Amino acid sequence: MTPLNNFINKYGLTNKTLILYSCYYDSEKSLASVNSNFYYITGLNIPNLLVVYTQNKHHFIYKNTNGWDDDHSILRPLYNLYGKKTIIYTPENLPILAEHFPKKILTLNNFSELALSFKTEHTKISKNFLTDTQTLTNLASNSRKFKSKKELSNIVKATQYTVRGFRTMLSEFKKKKLNTSYKVVNYIKCFWGNNNIFSLAYNPICTSGSSNSILHSNQYHYKFKSNELVLLDMACKYNNYCSDITRTFPVNGKFTPEQKIIYNIVLDINTFAIKTVKPGMDWFNLQNKCLLRLYNSLENINLFTKVKRNYDKKIKLAALLMKHSLGHTIGIDVHDIPVNDFKENMVITIEPGIYFEAHLYNNSNINTKELKKYFSIGGIRIEDIILIGSKNAKNLSPLAKTTYGIEKLMNNY
């Protein structure tokens, strides 16, 4: 049974009319980015594709916006999934199908984008029918929170390739003299390409030193200095499913004592969160447990001034140094459908971090003398892919993350 039929049967939509649009794509102007819910429902990653389900039959309407594109190659996944005898219709066939539409049709929340490549058809549908954009969107979004065996397999594969890319790069880092951001990123991209993996889950982040405090830098000009740490946040996709891994490592292959102190605090939060997360717990609860643990660790190294503080103040102070959430869900999108509480078969990332920025010098709660010891580190983040099981969590990204493990990998001992 096809993904579309599975979805329709699962939610009792056999007597409904569905119009699903993938995305607009002009190869001269943009990259294709198929709507995530469209992909989830149909299993197709084909731009400029309209899928119509009505009277218990599905119809595929494709519009080639570029005459030089190879339609056969583009549509091959459709034939593979829905059968070699599947008929591909042209936009002119839509009015004929529309003659049998009920007054109300179900579509996704990207329906307005249909006008970009099917302008006439979009106008007629909008004028003559009631379009419900929420029902399908909500059904798909809620279903996507829980990963099927096939989805988990794809995420595991993406993570395995990501881990192998990291591991190979770290073991070759010194030998290959990967001394700039673009060399590191390109090395891993080439590794994936040689394994027939060409899709990135997101724009890679590769910074060093003080620039590690920039959460989402898309610059790759950084030249690494011997005593700096490199922060690499990079992952690939497999069958349209994402991974997401971050490691922070020393340029010269050896952590300094100060770097080890901060690194081990981040690692402690990472391992604590993975051991603690379980079904029934919510993000807010887990994140606050981690922030409190972070506060206590930073207080132990005298980074905070000696003042008695209540629970809320401790959480706020810790959040100044970990300026992003503890993690996020992951799937078709790298930041997938948000959830409030954890349940079995959800996949999340755990990514604690500590970041040192100039504004901390102006905060009376910060011990500036101690801050100076660590400020040049810039930032440290450690991120893993986690599967929520029936009782606890499983780390899907078995990549070295202790200081000893990273040093061993980088120095081949």
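Colleague: What volume does the second largest pocket have?

Modeller: This is a predicted model, and the pocket you ask about is lined by 18 residues, of which Ile-205, Leu-215, His-216, Asp-233 and His-335 lie nearest its centre. By class, that lining is made up of six nonpolar, eight polar and four charged residues. The second largest pocket has a volume of about 270 Å³.

Colleague: Which element gives the largest share of the lining of the largest pocket?

Modeller: The largest pocket holds about 1,300 Å³ of space, and 39 residues line it, with Tyr-39, Asn-239, Asn-240, Tyr-241 and Ile-332 nearest its centre. Among the elements that give two or more residues to this lining are helix 2 (36–42), helix 7 (149–172) and strand 9 (237–238). The largest share, four residues, comes from helix 1.

Colleague: How many charged residues are in the lining of the largest pocket?

Modeller: Sorting the lining of the largest pocket by class gives 22 nonpolar and twelve polar residues. The remaining class, the charged residues, has five members.

Colleague: Are helix 10 and helix 11 roughly parallel or roughly perpendicular to each other?

Modeller: The axes of helix 10 (residues 283–300) and helix 11 (residues 311–321) come within 8 Å and cross at roughly 80°. Angles of 65 to 115 degrees count as roughly perpendicular. Helix 10 and helix 11 are therefore roughly perpendicular.

Colleague: How many residues of the contact of helix 10 with helix 11 are nonpolar?

Modeller: The contact includes Leu-291, Leu-292 and Tyr-295 of helix 10, together with Ile-315, Leu-317 and Ala-318 of helix 11. One residue of the contact is polar and one is charged, while the number of nonpolar residues is eleven.

Conventions:
Residues are numbered from 1 along each chain as its sequence is written. This is a predicted model: local features need pLDDT of at least 70, side-chain atom pairs count only at pLDDT 80 or more; totals for chains, interfaces and linings use all residues. Side-chain values use heavy atoms; hydrogens and water are left out. On a 1 Å grid over the protein atoms alone, a cavity is a set of points where a 1.4 Å probe fits but cannot get out, and a pocket is an open set with protein on both sides within 12 Å along at least five of seven lines; lining residues have an atom within 4 Å of a point. Grid points are joined across faces, edges and corners, and a volume is the space filled by probe spheres set on the points. Ala, Val, Leu, Ile, Met, Phe, Trp, Tyr, Cys and Pro count as nonpolar, Asp, Glu, Lys and Arg as charged, and the others, Gly among them, as polar. Axes are lines fitted to C-alpha atoms, for helices over the stretch in contact, and angles run from 0 to 180 degrees between N-to-C directions. Angles under 35 degrees count as roughly parallel, over 145 as roughly antiparallel, 65 to 115 as roughly perpendicular and the rest as oblique. Contact means heavy atoms within 4.5 Å.
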